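Look at the charged side chains in the model below. Here is a short report on how some of them pair up.

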Amino acid sequence: MPRTTVYEGKVEYLQILDKDGNADAELDPGLPNELLDRMYRFMVLGRLWDHKCLMLQRTGRMYTYAPLEGQEAISVGSVLASKPEDWHFPTYREWFIYHIRGAPLHMVNLTWMGMEEGMRIDKSLRVFPYAVPIASQLPHAVGGAYALRMKGEKCACIAYCGDGGTSEGDFHDAMNFAGVWNAPCVFVISNNQWAISVPRKNQTNSETLAQKALAYGFSGIQVDGNDVLAVYRAIKEAADAARAGKGPRAVECITYRMGPHTTADDPKKYRSDDEVLYWKERDPIKRFRAYLEKKGVWNEEYEKKVHDEADKLIEDAVTKAEAFKQDPKDMFKYVYAAMTKNLEEQMKECFED
Ligand SMILES: Cc1ncc(C[n+]2csc(CCOP(=O)(O)OP(=O)(O)O)c2C)c(N)n1
Ligand SMILES: [Mg+2]
């Protein structure tokens with residue numbers, strides 16, 4: 001028997017905007033100014049809101065919080081590339097997705113303030129509650145995609161995980177079933193180089209995370225995750241393909257978490273200032289702003305308008321979140337679909353004495 005090659009795979013890399021905001025003329029999707037404006041407003045709002053949440057946590061007005069800074073282009077590019085009929089299955093770091101999909105800004109603040117009511121999202125927005133157990137949302141997305149197709153709905157299920165998430169069994173179970181079922185799924189891997197203090201190189205010996213898809217029989221692409229146009233384009237193509245019955249795809253977004261893993265972490269203990277500086281120069285907002293300026297969409301006056309508007313929204317969201325009243329009886333009421341006799345007795349004891 002001759003020795004032959006039975007399989008050869010490839011993974012493309014996509015970047016449209018370089019770090020200084022110069023666009024590749026052939027790859028630039030030529031989005032209308034109205035959409036570019038929405039992208040920029042959301043990215044700035046995400047960044048400012050992130051800074052506000054950190055301050056709230058540091059002053060005891062919010063509990064443990066997972067910062068977004070540096071990764072805004074992924075949430076914004078991905079949601080704006082999707083359609084209202086698509087579903088999103090975020091991780092704890094993609095909390096901004098809820099607002100981009102249309103949820104009031106204060107809802108996510110509520111969750112980080114320890115109030116689960118924040119995840120009581122209008123079902124028509126089609127976003128699952130975010131998952132903290134790593135990668136556990138991926139099998140949900142594949143099951144959802146399979147079920148929605150059975151119901152005759154033409155939509156994509158867009159599921160997110162981090163670089164660390166790709167080492168979880170749930171990631172591989174989900175990818176395998178998505179491939180076997182040709183499920184309309186898009187796996188967005190936010191490769192921010194670190195899983196708390198574990199670097200990407202200790203996570204897997206694979207050259208890319210996108211190539212994991214090849215083993216499960218579908219394609220994977222790697223994109224510059226700090227380039228909102230590249231994220232938008234790759235996810236739009238993947239979601240369009242999923243809706244058209246062409247099966248799943250993986251999109252690995254190369255990015256960097258600029259802040260701590262959560263407010264309980266000190267990244268100075270495990271990464272160098274030089275590394276942080278390298279990524280600061282590749283900031284997603286700075287480069288998109290430069291692109292918009294070259295197109296004549298951005299100027300100082302516009303910047304001020306965008307910031308003023310964001311500041312107002314943030315102040316309003318904090319006021320609403322802090323004024324929110326919880327009903328302590330809920331902790332008894334929603335343990336099960338219906339309260340057990342035991343729980344009823346405990347609730348009575350707590351509130352009627
Ligand atoms: C199943 C499970 N194991 C461990 C943890 C603890 N944990 C929380 S975040 C995290 C790292 C995740 O890293 P990554 O997937 O790269 O996402 P990132 O936080 O970088 O966005 C770990 C191990 C968890 N939440 N769930
Ligand atoms: Mg990570």
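Aspartate 224 and arginine 287 form a salt bridge, with their closest N and O atoms 2.9 Å apart. A salt bridge here is a side-chain nitrogen of Lys or Arg within 4 Å of a carboxyl oxygen of Asp or Glu. This pair links distant parts of the chain: aspartate 224 sits in strand E7 (residues 219–224) and arginine 287 in helix H10 (residues 284–294), 63 residues apart. Helices (H or I, at least four residues) and strands (E, at least two) are DSSP runs, numbered from the N terminus. Aspartate 224 and arginine 287 are both buried. Buried means under 20% relative accessible area, exposed over 50%, and partly exposed in between (1.4 Å probe, protein chains only).

The model is predicted: local features need pLDDT of at least 70, side-chain atom pairs count only at pLDDT 80 or more, and totals for chains, interfaces and linings use all residues. Residues are numbered from 1 along each chain as its sequence is written, chains are lettered from A and ligands numbered from 1 in the order in which they are written, and side-chain values use heavy atoms, leaving out hydrogens and water.

Two further pairs are listed here.

| Salt bridge | N to O distance |
|---|---|
| Arginine 243 and aspartate 86 | 2.8 Å |
| Lysine 304 and aspartate 308 | 2.7 Å |

Arginine 243 is buried, at 11% relative accessible area. Aspartate 86 is buried too, at 0%.

Lysine 304 and aspartate 308 share helix H11 (residues 300–323), four residues apart, about one turn of the helix. Lysine 304 is exposed at 53%, and aspartate 308 is partly exposed at 37%.

Salt bridges also link Arg47, Glu69, Glu72 and Asp283 in a network. The whole structure holds 23 salt bridges.
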